[in-house]
Structures are given as structure tokens and as C-alpha cells.
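User: Could you walk me through this model? I'd like to go over the chain contact and the sheet.

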Amino acid sequence: MKIEIHSNAISFHLHASEAIWLLNSFQSIQQSYTTPLESLPQKEQSFWKGSLVDPRYSDSLLKSESESLELERAEWKNQRGEIVGRWLEQFNDFNPDQEMKFKFLREEADALLQITNDRRLLLAMNHEIQEKDMHHDLEKLHQNPKAEALIEIDFLAFVQGAIIQCLEYELE
Amino acid sequence: MSCLDIRGATITTPDLQTESLSEFDHGWSVVVWNDPINLMDYVVYVFQKVLHMSQSQATKHMMEVHQNGKSLVAHENHEKAEHLVHQLQSYGLTATLQSL
């Protein structure tokens with residue numbers, strides 16, 4: 001992957017295989033973003049609702065604050081669904097035999113971090129990935145859904161690393 | 001606190017109602033918990049962005065999360081602490097509000 005930084009945008013020049021991974025990740029997270037909360041599996045519903053306090057303790061004392069968090073998280077889910085929808089349009093003419101340029105606005109860089117992170121967290125939750133699983137040897141992974149999830153989590157970490165590198169210039 | 005000027009002397013007396021409210025309102029912590037998925041560099045970036053920490057402060061708190069399982073990253077009044085929890089959660093960090 002090559003990165004091109006413009007004045008108001010950032011472009012990723014992706015190899016075809018990288019573009020396919022990114023496309024799959026976007027399509028999968030888009031599915032979660034656009035599915036109504038009540039239609040998602042229970043675990044995903046809890047993920048999107050979030051928790052304001054340590055889940056070991058009751059948050060009954062912060063009931064209105066917890067409801068406010070839940071509403072805000074639902075709003076993020078909708079907003080991110082719209083953003084990913086726009087990004088997916090860039091893949092309409094994607095030819096899997098060729099490289100692809102994925103371009104996003106600098107002001108969308110944080111959204112790209114958040115969206116790729118949502119996907120990583122959901123994959124980890126759905127495949128019950130623990131700390132020990134994260135120290136895997138890719139070559140020794142057998143072909144199964146958990147291994148595929150770990151590879152996608154690694155790929156998205158690579159994407160996040162690239163975005164952070166671009167953004168660090170702004171923080172310094 | 002309120003101030004009274006009596007015969008040229010300034011006497012400072014605590015405003016009990018304000019003080020107890022203020023005490024309550026400053027007793028909230030923002031705690032970030034360890035998780036196996038978020039990247040170290042990502043957590044450092046989020047601390048810098050949301051909490052306006054320097055790179056070294058952010059790295060120190062990230063390591064605390066990683067090694068001790070959690071880090072108290074802010075101590076604010078209720079409203080500000082709640083806002084920070086929302087912001088940190090928007091990046092996918094496990095952040096909670098804790099009353100002291």
C-alpha cells in the first residue's frame with residue numbers, strides 16, 4: 001500500500017488483495033451499521049448500547065446518563081453507516097485484477113479509524129478472540145472463521161497504523 | 001465561597017450549598033480499561049486527541065492500561081467526565097465513569 005497525502009485528502013493506493021480485504025470489511029461493518037439494533041444478535045446489541053460504568057456495578061444511579069449514551073452510540077452507528085456507504089461507492093468500478101485508489105477527506109480520517117476499529121472489535125467479540133489469540137503466527141493458522149477474523153483484524157491494524165502515521169503530523 | 005466586607009475587614013465564609021454541590025461535582029473519574037484488541041499506537045493517538053495529552057503522557061497512561069488493566073485518565077466534574085467517556089467510547093475504547 002502506498003499513501004499519498006493531499007492538502008485536504010489522503011489516498012491509499014491498494015494492491016488488489018488489500019482492496020478486496022477493505023471492501024469486505026466495509027461491507028460487513030455496513031451491514032452491522034444499517035441493521036436495526038433490535039434485529040442484531042444480543043451480543044451486538046450490547047456492543048452498540050455500550051456501558052457508562054464498570055459493567056460489574058449497577059448503573060441504576062446513572063439511568064438518564066446511560067440512556068443518553070445509548071442514544072449517542074445509536075447516532076454514531078447511523079452516521080458511520082452513511083460514511084461507509086459513500087466510501088463503498090468508490091469500489092463500484094473496482095477491478096480485482098488491478099490496483100485501486102481509495103481516497104478519503106482528511107476530516108474523515110478519524111471516522112476511518114473509528115469504523116475500522118468498530119469492525120475489529122466486533123470481529124473479536126463474535127469470534128471470542130482473547131489476548132493470547134492476538135499473538136498468533138499467521139503461517140500456522142488453520143483455515144477456519146476465527147483464523148480469517150484474526151487475519152482481517154491484522155489487516156485493519158495495518159490500515160489504522162497507516163492512518164495514524166498520517167495524522168501524527170497534525171498532532172505534533 | 002462567598003465574601004463579606006464588614007467594617008473594612010474581608011471575611012471569607014464558605015457557601016455551604018455551593019461547596020457541597022461543588023464537592024459532588026468534582027468527584028468523577030474517567031477510567032480506561034484494558035482490552036486485547038485496540039492497538040497501543042491507536043490508544044496513544046486517542047488519548048492525545050480526546051484528552052489533549054502529550055505523547056509521553058499518553059504513552060504513560062496507555063502502558064498503565066496495558067500493564068495494570070486500567071488507568072484513571074481524567075478527574076472532572078460530572079458533565080465533563082461524562083463527555084470524555086462518550087468521546088473515548090466513540091473511538092472504541094472501554095471507558096467508564098466512576099464516582100469517587
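**Chain contact and sheet**

Analyst: Between chain A and chain B, the count is 12 residue pairs in polar contact, both residues at pLDDT 80 or more. A polar contact here is a pair of N or O atoms within 3.5 Å; within protein, one must be able to donate a hydrogen and the other to accept it, and residues adjacent in sequence count only if both atoms are side-chain atoms. Bear in mind that this is a predicted model, where local features need pLDDT of at least 70, side-chain atom pairs count only at pLDDT 80 or more, and totals for chains, interfaces and linings use all residues. Residues are numbered from 1 along each chain as its sequence is written, chains are lettered from A and ligands numbered from 1 in the order in which they are written, and side-chain values use heavy atoms, with hydrogens and water left out.

User: Which helices give two or more residues to the side of chain A that touches chain B?

Analyst: Helices are DSSP runs (H or I, at least four residues; strands are E, at least two), numbered from the N terminus. The residues on that side of chain A divide into 14 nonpolar, seven polar and nine charged. The elements giving two or more residues are H3 (63–89), H4 (109–126) and H5 (145–171) of chain A.

User: How much area do chain A and chain B bury between them?

Analyst: Contact (heavy atoms within 4.5 Å) takes 30 residues from chain A and 25 residues from chain B. Buried area is the accessible area (1.4 Å probe) that two parts lose on being put together, summed over both. Carbon and sulfur atoms carry 60% of it, and the total is about 2,400 Å².

User: Which side chains meet in a salt bridge at 3.6 Å, N to O?

Analyst: A salt bridge needs a side-chain nitrogen of Lys or Arg within 4 Å of a carboxyl oxygen of Asp or Glu. The count between chain A and chain B is one. At 3.6 Å, N to O, the pair is Lys49(B) and Asp110(A).

User: Why is one side of S1 and of S3 in chain A left without a neighbour in the sheet?

Analyst: Strands pair if DSSP finds at least two bridges between them, and this open sheet of three strands in chain A runs S1-S2-S3 with antiparallel pairing. S1 (2–5) and S3 (100–105) of chain A stand at the edges, so one side of each lacks a neighbour: each has a single partner strand.

User: In S3(A), what is the bridge partner of Phe12(A)?

Analyst: S2 (residues 9–14) of chain A pairs with S3(A) in the antiparallel sense over six bridges. The partner of Phe12(A) in S3(A) is Phe102(A).

Terms used. Ala, Val, Leu, Ile, Met, Phe, Trp, Tyr, Cys and Pro count as nonpolar, Asp, Glu, Lys and Arg as charged, and the others, Gly among them, as polar.
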